[in-house]
Amino acid sequence: MNRFDYVRPATFAEAIAAASEPGAAYLAGGTNLLDLMKGGVVRPGRLVDVSRLPGLGAIEWLADGGVRIGALVRNADLAHDPEFARRFPAVAEALLSGASAQLRNMATVGGNLLQRTRCAYFYDVAGACNKRQPGAGCEARGGETRNAAVLGWSEHCIATHPSDFCVALVALDAVVEIAGKRGERAVPLEGFHRLPGETPEQESVLEPGELIIAVRLPAEAASFSRHVRYLKIRDRTSFAFAVASAAAALRIEQGAIVAARIALGGVAPKPWRARLAERTLIGVGPDRPHFDRAAAAALADARPSGDNAFKIELAHRIVARALALAAAGTPARLPALPASPFAPVAGVLHA
Amino acid sequence: MPEIVLSAAPAHLRHGSTIGQPLTRRDGILKVSGGARFAADNHPPGMLYAVLAVSSIARGRVALLDVAAAKAHPGVVEIMTSANKPPLALDPDAKTNPFMRRLELLQNDRVRYANQPIAVVIAETLEAATEGAALLSPRYEEEAPRARLDAAESFVPPAVGVGQPSETEIGDVEAGLARSSRRIEATYETPTQFHNPMEPHAIVAAWDGDTLTVDTPSQGLAMAQARIAGLFGIPAENILIRSPFLGGGFGCKGLFTGPQVLGIMAARLVGRPVKLVLRREQMFGPVGHRAPTRQTLRLATSADGALLALSHHTRTASSTFDDFFEPASDVSHTLYASPAIRTSYEAVRLDTGTPTFMRAPGEASGSIALESAIDEMAEACGMDPLAFRLRNYAELEPISGKPFSSKALRACYAEGAERFGWQARPLKPREMCDASGLLVGWGVGTATFPALMFQGQARAVIRKDGTGIVETGAEDMGQGAWTALAQIAADGLGLSLEQMEFRSGSSDLPDAGIAGGSAHTATAGMAIAGAGAEAIAKLAALATGDERSALFGAGNAGVIARGGRLFRRDDESRSESYADILNRAGLAEIEGRGSSAADPVAQANYAMHAHGAVFAEVKVDPELGQIRVTRLVGAFAAGRIINPRLVRSQYYGGMIWGVSFALHEHGAFDSRSGRPMNPNLGEYHVPVNADIPSIEAILVAEEDRHVNALGIKGVGEIAITGTAGAVANAVWHATGRRIRRFPITLERLTEPLPR
């Protein structure tokens, strides 16, 4: 890999200053960045190691019932925190359905939000990619597009966001706390990632030097804890990115849905919140025709970006199934195969 | 009577035999404690790091390399290109036998496939060499690559596999088809697959004048030694190859590869030891792969389900510059009785690296197609797939008419079916569901692999302290050769494992042949047994001819070697220790030599194959298409089992590979660039633990008096065959959908399904 500077700042201010220079990158768990560097996919001139910054490693319970998760909390530690898993079971399930145990032990919450796409053409440094090299073109178009996006993509980029964690978070209205040169700000996760448009290299709203310091889940997110699931379809049972996934959360009162949250993964350049689909569920009963209608609404704007039309139908079915699973109730224990359809719930399948 | 005492002992103690015992692998502790030194763990003084620069185009020529930029990078010592490479004694494109691969050794500027080595950067550190390789920033003159099976005109290859005919027919297939009551025709596709052993190809090469020491994983030490000797024009005895451990081989470490030679060339160029290790993505090109196939099967039966004709045609691909044609059709020669069988081939040349042997080459690809087609034929006959297989059971090898040296396949079917519970299987598909509504399907496949033997040699020594040494240049690639062969060696010398030392994995030992073709245990084992027998015979001659010995005069009665003593065969109260015999003779040690080869007479008279039956259960989500193999039961008969624990482990590994073949593995190429698009273990999927919840292997007893004196058939490859087809057949049984393009992915299962 290229030669680079390595700095380990002691304070936020030092970190932000060091990372504001062009070519700088923050390093936390390194589970994605270091691979990218070894492959020559990214070549930062300076690594700003924030992994030892103080104050970013705690899970704090807020007075209003929400939670503030420090950016350096490890994915595994968060998923296995009993109180967190009790209040936000689908987030824990999503986390545990991602990567492998070894990677989850290293990967951080902040880093998970910023992980790069798994588009094969992003990794293929010999080919053209607008994310790697703005303006170079998108060689994924017309190539091996099975895993490419069906929602939110543009002519300039058809890559998907790979995170499972973010799908559950965005469904539950998570907020990202960011520190920068001009102080701190909070951005809803739904607005944190950008769609590619004509600038697919700009993947988030972060300004140069800005650092994720925490992710917050509001108290209301825990109100779904009895009816919330994450479902992920993948090409093997573990250690594979989603072909498509969905998080679904329902609040059901007297047999009617009073609140619904739906988000999709593996199908769009960002964790994809389906607000229109959510609205179709308000006031109706938690049953399959309504879930199908919601799924249709969630995929209404979907179009294939290549040889991946199957993902539209698959995502539809996943949304409907995730809603059915959520309606059936959050299982008392996290399934042994997190987010897998092979953690069956009787009565949910309509074969 | 001693015999009564012995037969009353537990079976595993009978005759003091070490063979047959389920020993744990002898290198296990070394491996889990980090004490096993693999090739890349060697760091001789003064060693430099070499990194390959590889082509990003699949066809064309390298127009420019920025050697100056790479050389200017701190730490970079030298750039080896076609301009300054050390001279070779042999054209890398020369090919004088089928076990020789044409190599890319920087002989010119041509690019024949993506990831072909185009330069080697040598530096003080791995990081500097890696960056140096990036700084070469090659420019190319690119030509349109041919990447798919349809991308070129096909031809009939002169031979497939290793010299097998590309067209074979017995009976009259067309006539059989014409007079049949039922027939099917189906085309199956298998993708390119890459071996991907955990340990990539690695080499540490050190020259001293014209002698060379090499640490590198090799499945064939003597062949590698000869290849290096030819290329560098030095005597083979000047070359020492150490290969004590291989982190997997699967065939891609069988023939010496270009990158390994480049490591030796780099060491020669800089006059210092050099280490070269392939990056994972560089494993997708220069070290072989399993070629893609498109196989068309035509089967026909009589009204009562007897096969009348079987035609198996394979279209496959080799590289543009070398020949290896996946012999996928040949599996149809041996399994099912049919009066008419035809196998045939066509091939195209693609801009890829040259394909090579990959675990069960031909048999694996061919088996998934044949077993699927047999299932389709059974369905057309309205028969249970197992009953159909039994209906067409081959009592003689169909293609040759020879009797089998042994064939316990009926027992495999019976024991496997019993264990699996096959009898409860509904005939029609999509009739089983679990409690949660997941579709359940059961499938069966027949496993087969030839019982081969190569040529091998071994040396055995008995020392005057009563201990022994057995030496043979065998290769332990994780299969447990070091353990199983030591068990044979101990029995051959009549010693316990603790009383003897087994030396292996180095080219200065007697040639044990290649660890391939599932023939290593038989080949090296027979040589070892022979060496031990010769040493014992010499010892016995000393004792029985010496009137001071308790065994004097026992020459006609014979002796038995056991526990470090010779016993008079007809009177076991008379015995003497090896140490006493040697000490009295004033000898420090006594040596025996053994060699092995297939017996041509037995080969002429018998068909020799291992067999098995694999039963698979899958569950399929009917809406989402997600498939899970929930149960696998395999029953295999492979002659004498030296170490049941290791053999079971080989069967497990093969069966898991079968799942991988059916559901996961797929080398994806961009058809425009010819580049592999999933060249890493994150995206080139093989099953993980969570994909294999239940697996069982039954060792079916089989005695074979013809394959070799030890009765060993080999177990390394057979379990992929049968399994892949069983999984595919189970998917059909679960869903009613027959997927003929592998791997079976969820969209192939759900795409046309109405909601």
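Predicted model: local features only at pLDDT ≥ 70, side-chain atom pairs only at ≥ 80, totals over all residues.
Colleague: In which hand does α12(B) pass α13(B) in their crossing?

Modeller: The crossing of α12(B) with α13(B) is left-handed; that term applies if the near helix is turned anticlockwise from the far one by less than a right angle, and right-handed if clockwise. Residues are numbered from 1 along each chain as its sequence is written, chains are lettered from A and ligands numbered from 1 in the order in which they are written, and side-chain values use heavy atoms, with hydrogens and water left out.

Colleague: And how do I describe such a pair of helices?

Modeller: Two packed helices are described by the angle between their axes and the distance between the axes. Here the axes of α12 (residues 520-544) and α13 (residues 578-585) of chain B come within 10 Å and cross at roughly 65°. Axes are lines fitted to C-alpha atoms, for helices over the stretch in contact, with angles from 0 to 180 degrees between N-to-C directions. Helices (H or I, at least four residues) and strands (E, at least two) are DSSP runs, numbered from the N terminus.

Colleague: How many residues does each chain give to the contact of chain B with chain A?

Modeller: Chain B gives 44 residues and chain A gives 48. The area buried between them is about 3,800 Å², with 54% from carbon and sulfur atoms; buried area is the accessible area (1.4 Å probe) that two parts lose on being put together, summed over both. Eight salt bridges are counted between chain B and chain A, each a side-chain nitrogen of Lys or Arg within 4 Å of a carboxyl oxygen of Asp or Glu. One of the salt bridges joins Glu623(B) and Arg321(A), at 2.6 Å from N to O. On the side of chain B that touches chain A, α4(B) gives the largest share, four residues, and the classes there are 17 nonpolar, eleven polar and 16 charged.

Colleague: What does the salt bridge of Arg116(A) with Glu203(A) tie together?

Modeller: The closest N and O atoms of Arg116(A) and Glu203(A) are 2.9 Å apart. Arg116(A) lies in the loop between α7 and α8 of chain A and Glu203(A) in the loop between β7 and β8 of chain A, so the pair ties together parts that are 87 residues apart in sequence.

Colleague: And the backbone: what should I look for?

Modeller: Most residues other than glycine have a negative phi, and most peptide bonds are trans. Ala99(A) has a positive phi, near 55°, in the loop between α5 and α6 of chain A. The peptide bond from Phe742(B) to Pro743(B) is cis, with omega near 0°, and Pro743(B) sits in the loop between α16 and α17 of chain B.

Methods
Contact = heavy atoms within 4.5 Å. Nonpolar A, V, L, I, M, F, W, Y, C, P; charged D, E, K, R; others polar.
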